[in-house]
2 protein chains.
Amino acid sequence: MRIFGIDPGSERTGYGCVETDGRAARLVTCGIISALASDGFPERLERIHRELSALLIACAPDCVAIESLFHAVNARSALKLGHARGVAMLAAVEFGCPVVEYTPAAIKRAVVGYGRAEKHQVQQMIKLLLGLAHPPSPHDAADALAVAICHLHSIPPGGLKAVPTNETGKPRSWRQYRPPTHG
Amino acid sequence: MRIFGIDPGSERTGYGCVETDGRAARLVTCGIISALASDGFPERLERIHRELSALLIACAPDCVAIESLFHAVNARSALKLGHARGVAMLAAVEFGCPVVEYTPAAIKRAVVGYGRAEKHQVQQMIKLLLGLAHPPSPHDAADALAVAICHLHSIPPGGLKAVPTNETGKPRSWRQYRPPTHG
């Protein structure tokens, strides 16, 4: 099973894909999509959407996981972040993936075991969990891997292959999506 | 010249297209894209993007005008609105249109002559300006027509055909876009 994590932002969008055979998690790819200084805001959105769409096709994940609504920011940054999240979600839905969301605290708890962990602790734990030589960098890529690993941890061992599909065989949407139950 | 106005929202996105020969403005089309109750949030974004993309191809506007960042909302609504605006902007950039933005006050000043005009005043003025039998309804469609008319009014008579293009002949992005000057 493959999970594609996204940490959206209008300046830098982190992405990270992990896969598992039910025992260990393995890194597929990770990185960031950076805005060019010459890009206007609409062009940045277009770049995020275009590059994420290409990465989803290349990685063929079973599910996309995104950090959920971030409440502590002001209205102006929330609006800007919303634009980037919107085109990231669009890329996932167009690819035909279920989209799941986790709060920053839930992601840190799942990866580090502590909801208020620091960024470098998240990077170190991802290095350990994926058996990497170095912590993933920059932190946007590590954050994207963290949300993917968080979703992986939320799936019970028996449910690993059970990505839910609707009658047409397409993956269900996030609203309909429920993590498969044991047995 | 044709201008396509968008009033984005995750529940309802208004759109309106107007054209002018340099004297009078004429309605091309207007309406709303409504979310289905059964749609999850990502599916709503996908619907907005898909329907706007089809409308842009059908209307073939020279420019897309969107109401600019709305500051008075809280972070949560701003984030939600941002998602809808993001996919609307993406549709415009993918179509190859310049995207221009106007504040709500600038739109009301351009249409009604008063920055704090009420919604029904905007609807009545659009009826007059476009020579319609009835005010456009619902107000999301009227608001989309208002931002299109606002951009039309910002272009001086001599500059009507002068949608700026870059070296490749494609319209410039909003950042580069400046309304053409007189003469």
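**Helix crossing, sheet and aromatic pairs**

Student: At what angle do the axes of helix α2 (residues 75–95) of chain A and helix α1 (residues 41–59) of chain B cross?

Tutor: Helices (H or I, at least four residues) and strands (E, at least two) are DSSP runs, numbered from the N terminus. Axes are lines fitted to C-alpha atoms, for helices over the stretch in contact, and angles run from 0 to 180 degrees between N-to-C directions. In this predicted model, the axes of α2(A) and α1(B) come within 9 Å and cross at roughly 90 degrees.

Student: What kind of model is this?

Tutor: Residues are numbered from 1 along each chain as its sequence is written, chains are lettered from A and ligands numbered from 1 in the order written, and side-chain values use heavy atoms, without hydrogens and water. Local features need pLDDT of at least 70 and side-chain atom pairs count only at pLDDT 80 or more, while totals for chains, interfaces and linings use all residues, for this is a predicted model.

Student: How are α2(A) and α1(B) oriented to each other?

Tutor: Angles under 35 degrees count as roughly parallel, over 145 as roughly antiparallel, 65 to 115 as roughly perpendicular and the rest as oblique. The two axes cross at roughly 90 degrees. The helices α2(A) and α1(B) are therefore roughly perpendicular.

Student: How many residues of each class does the contact of α2(A) with α1(B) have?

Tutor: Contact means heavy atoms within 4.5 Å; α2(A) contributes residues including A:Met89 and A:Leu90, and α1(B) residues including B:Phe41 and B:His49. Ala, Val, Leu, Ile, Met, Phe, Trp, Tyr, Cys and Pro count as nonpolar, Asp, Glu, Lys and Arg as charged, and the others, Gly among them, as polar. The contact has six nonpolar, two polar and three charged residues.

Student: How many bridges join β2(B) to β3(B)?

Tutor: A hairpin with four residues between its strands is formed by β2(B) and β3(B), and B:Gly22 in the turn has a positive phi of about 105 degrees. Within this pairing, B:Gly16 has B:Cys30 in β3(B) as its bridge partner. The two strands run antiparallel, and the number of bridges is nine.

Student: How are the rings of B:Phe4 and B:Tyr15 arranged?

Tutor: Rings of Phe, Tyr and Trp (its six-membered ring) pair if their centres lie within 6.5 Å; planes under 30 degrees apart count as stacked, over 60 as edge-to-face and the rest as tilted. The centres of B:Phe4 and B:Tyr15 are 6.1 Å apart and the planes stand at 5 degrees, so the pair is stacked.

Student: Is B:Tyr15 buried or exposed?

Tutor: Buried means under 20% relative accessible area, exposed over 50%, partly exposed in between (1.4 Å probe, protein chains only). B:Phe4 has 0% relative accessibility and is buried. Because its relative accessibility is 11%, B:Tyr15 counts as buried.

Notes: Two strands pair if DSSP finds at least two bridges between them.
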